[in-house]
Amino acid sequence: MQAVRPLAYAVIGANVGVPLHVTCWMVPKNQTDLSDQGTFFSLVVIYMMNLLLLSVMLILASPQITFAGFASDLLINLGNFARWLVDLFEDCARNL
């Protein structure tokens with residue numbers, strides 16, 4: 001994998017850049033596939049799928065990262081984010 005790593009990163013970059021460009025170009029054109037389910041919902045789904053694909057490709061291209069390690073870090077960070085949100089809401093409730 002060492003020899004093809006630069007090529008793998010170039011392919012990953014193209015796989016992120018092209019859909020991002022096309023999405024930004026097509027959103028203002030009143031696409032029915034966006035408006036049928038709601039533009040915000042559709043863009044969130046597009047963003048999440050691109051993020052998932054990017055994560056998988058970077059895990060496959062990196063020798064240091066495994067799917068198990070990524071999942072573990074993701075769960076830890078989600079827990080930290082949830083705790084931060086709870087603290088934020090508690091602070092807001094105390095200040096009302």
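**Entry 1: the nonpolar patch**

I began with the surface of this predicted model and looked for nonpolar side chains lying together. I found a nonpolar patch made of Phe41, Val45, Met49, Leu52, Val56, Leu60 and Phe67. Together these residues have about 660 Å² of accessible area.

Which helix gives the patch its largest share? I checked, and helix H3, residues 39-61, supplies six residues.

Is Leu60 buried or exposed? Its relative accessibility is 55%, and because exposed means over 50%, Leu60 counts as exposed.

**Entry 2: the fold as a whole**

Next I counted the secondary structure and noted four helices and zero strands. Reading along the sequence, I get the pattern α-α-α-α. The radius of gyration is 19 Å, while the globule rule gives 12 Å for 96 residues, so the protein is more spread out than a compact globule.

I also looked up the span of the C-alpha trace, and along the principal axes I have about 60 × 40 × 15 Å.

**Entry 3: surface, burial and contacts**

How much of the protein is buried? I noted that buried residues make up 10% of the 96 residues. The accessible surface comes to about 7,600 Å², and 71% of that surface belongs to carbon and sulfur atoms.

For contacts, I kept to pairs of residues at least 6 apart in sequence; of these contacts, 47% join residues at least 24 apart.

**Entry 4: a stop at Gly79**

I moved on to helix H4, residues 67-94, where Gly79 lies. With 37% relative accessibility, Gly79 counts as partly exposed, because that value falls between the 20% and 50% cut-offs.

I then checked Gly79 against Met48, which is 31 residues away along the chain. How far apart are their C-alpha atoms? The separation I noted is 19 Å.

Last, I looked at the confidence values. The mean pLDDT of the protein is 85, and 97% of the residues reach 70 or more.

A reminder to myself: where pLDDT is low, predicted coordinates should not be read in detail.

Methods: Residues are numbered from 1 along each chain as its sequence is written. This is a predicted model: local features need pLDDT of at least 70, side-chain atom pairs count only at pLDDT 80 or more; totals for chains, interfaces and linings use all residues. Side-chain values use heavy atoms; hydrogens and water are left out. Patches are made of residues with over 30% relative accessible area and no salt bridge: like charges are joined within 9 Å, nonpolar side chains (Val, Leu, Ile, Met, Phe, Trp, Tyr) within 5 Å. Accessible areas come from the Shrake-Rupley method with a 1.4 Å probe; for residues, only the protein chains shown count as cover. A salt bridge is a side-chain nitrogen of Lys or Arg within 4 Å of a carboxyl oxygen of Asp or Glu. Helices (H or I, at least four residues) and strands (E, at least two) are DSSP runs, numbered from the N terminus. Buried means under 20% relative accessible area, exposed over 50%, partly exposed in between (1.4 Å probe, protein chains only). The radius of gyration is taken over C-alpha atoms; the globule rule is 2.2 Å times the number of residues to the power 0.38. Contact means heavy atoms within 4.5 Å. pLDDT is the predictor's confidence in each residue, from 0 to 100.
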